[in-house]
Amino acid sequence: FFERGSDRAYITGVLLGGDGKPVEARLFTVAFDQVNPANSTILGSLELPSKLVRGLRVRNARVLLGMGEAGIGIVDSFLPNKTYLVESLAANPSLPLLDVATQDATAGDAGVLVGVGGEFNVSGNRLVTAEANGSGGFYVFRQDKSGLRQLSSLDLPGTRVSLQGRFAYVA
């Protein structure tokens, strides 16, 4: 996003407790000054209903988040200083959601979203969930006029997901 010499960035942040475990998660909106980075400004901060947030995707005025135990989150960012959580849905079976991806949908069509997750050691920066029957990890969601709902899941934990055409790539 560009606005008179400044780039807008959305940044997820997690506050860790003394034991190295997540305590609080936030989404920050920052305006970076291209000419003088020292003039960068935090435009807003949104406290999220989870202790962990990791992956995010931005498209127009919508931010998709992998919000840990709170699942997938959709944030309205039309006004950068007044972002708010529009909708969220926890994954079932319940594993912390770590990343999200989406495909472009034409106007009026339902959007398909995918998410991937598992138990994550933040201080060690590694996934600790092993693949097991019934564990979940990879999820397919649909967002349409009736809201956000989960369509299916696979027992495939991961930390990152990319969606290209009809294929999802999980790491």
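**Salt bridges and an open sheet**

Good morning. I begin with Arg-149, which is partly exposed, with a relative accessible area of 38%. Please keep in mind that the model before you is a predicted one. Arg-149 forms a salt bridge with Asp-144, and their closest N and O atoms are 3.7 Å apart. Asp-144, for its part, counts as partly exposed at 26% relative accessibility.

How many salt bridges does a search of the whole structure find? The search finds six.

I turn now to a network of salt bridges that links Glu-24, Arg-26 and Glu-47. Between Arg-26 and Glu-24, the closest N and O atoms lie 2.7 Å apart. Both residues of this pair are partly exposed: Arg-26 has a relative accessibility of 25%, and Glu-24 has a relative accessible area of 24%. Arg-26 also forms a salt bridge with Glu-47, where the closest N and O atoms are 3.6 Å apart. Because Arg-26 lies in strand S3, residues 22-33, and Glu-47 in strand S4, residues 41-47, this pair ties together parts that are 21 residues apart in sequence.

Finally, let me describe an open sheet. Four strands make up this sheet, in the order S9-S10-S13-S14, and their pairing is antiparallel. Which strands form the edges? They are strand S9, 97-102, and strand S14, 147-154, each of which pairs on one side only. From one strand to the next, the twist averages 25°. S9 pairs with strand S10, residues 111-117, in the antiparallel sense over five bridges. Within this sheet, Ala-101 stands opposite Val-114 in S10. Thank you for your attention.

Terms used:
Residues numbered from 1 in each chain as written. Predicted model: local features only at pLDDT ≥ 70, side-chain atom pairs only at ≥ 80, totals over all residues. Heavy atoms only, no water. Pairing = 2+ DSSP bridges. Helix = DSSP H or I, 4+ residues; strand = E, 2+ residues; numbered from the N terminus. Axes fitted to C-alpha atoms, helices over the stretch in contact; angles between N-to-C directions. Salt bridge = Lys/Arg side-chain N within 4 Å of Asp/Glu carboxyl O. Buried < 20%, exposed > 50% of the residue type's maximum accessible area, 1.4 Å probe, protein only.
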